[in-house]
Amino acid sequence: MDSMLYLVGLGLWDERDISLKGVGVCKKADKVYAELYTLKWNGSMERLAGIIGKSIVVLDRKDVEEGMERIVE
């Protein structure tokens, strides 16, 4: 079975700004990652995890810039 990678924006302010389609994609995903070093996000990962019903792995800059191959696999 083929895998799919989706990139979902968190929105401008907090966890209530993610789109409904983004929430649906996250709910269906096997794994959910977030990177926060490129923006000032005022949300709560705990509340977002509650909305999507999954744990979220927060990535740091090094993970994104040097470890993306591992994440994509």
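I began with W41. Leaving out residues up to four places away in sequence, I find that W41 touches L10, G11, W13, D14, E15, L36 and L48. Contact here means heavy atoms within 4.5 Å.

A note on the basis. I am reading a predicted model, where local features need pLDDT of at least 70 and side-chain atom pairs count only at pLDDT 80 or more, while totals for chains, interfaces and linings use all residues. Residues are numbered from 1 along each chain as its sequence is written, and side-chain values use heavy atoms, with hydrogens and water left out.

**Core.** I looked up where W41 belongs. W41 is one of the twelve residues of the largest nonpolar core. The largest share, four residues, comes from α2. I used this rule for a nonpolar core: buried Ala, Val, Leu, Ile, Met, Phe, Trp, Tyr and Cys residues joined through side-chain atoms within 4.5 Å. Buried means under 20% relative accessible area, exposed over 50%, and partly exposed in between (1.4 Å probe, protein chains only).

**Fold.** I counted four helices and two strands. Along the sequence they run α-β-α-β-α-α. Helices (H or I, at least four residues) and strands (E, at least two) are DSSP runs, numbered from the N terminus.

**Overall dimensions.** The C-alpha trace spans about 30 × 30 × 15 Å along its principal axes. Of contacts between residues at least 6 apart in sequence, 58% join residues at least 24 apart.

The protein exposes about 5900 Å², with 54% supplied by carbon and sulfur atoms. Areas come from the Shrake-Rupley method with a 1.4 Å probe; for residues, only the protein chains shown count as cover. There are 11 positive and 13 negative side chains, and the centres of the two sets lie 6 Å apart. Lys and Arg count as positive, Asp and Glu as negative; His and the chain ends are not counted. I placed each charge at NZ of Lys, CZ of Arg, CG of Asp or CD of Glu.

G22 is in helix α1. G22 is buried, because its relative accessible area is 4%. Its C-alpha lies 7.5 Å from that of G9, 13 residues away in sequence.

L12 sits in the segment before α1. L12 is exposed, because its relative accessible area is 79%. Its C-alpha is 8.7 Å from that of K40, 28 residues apart along the chain.

V72 lies in helix α4 (residues 68-72). V72 counts as exposed at 52% relative accessibility. The C-alpha atoms of V72 and L5 are separated by 7.3 Å, although 67 residues apart along the chain.
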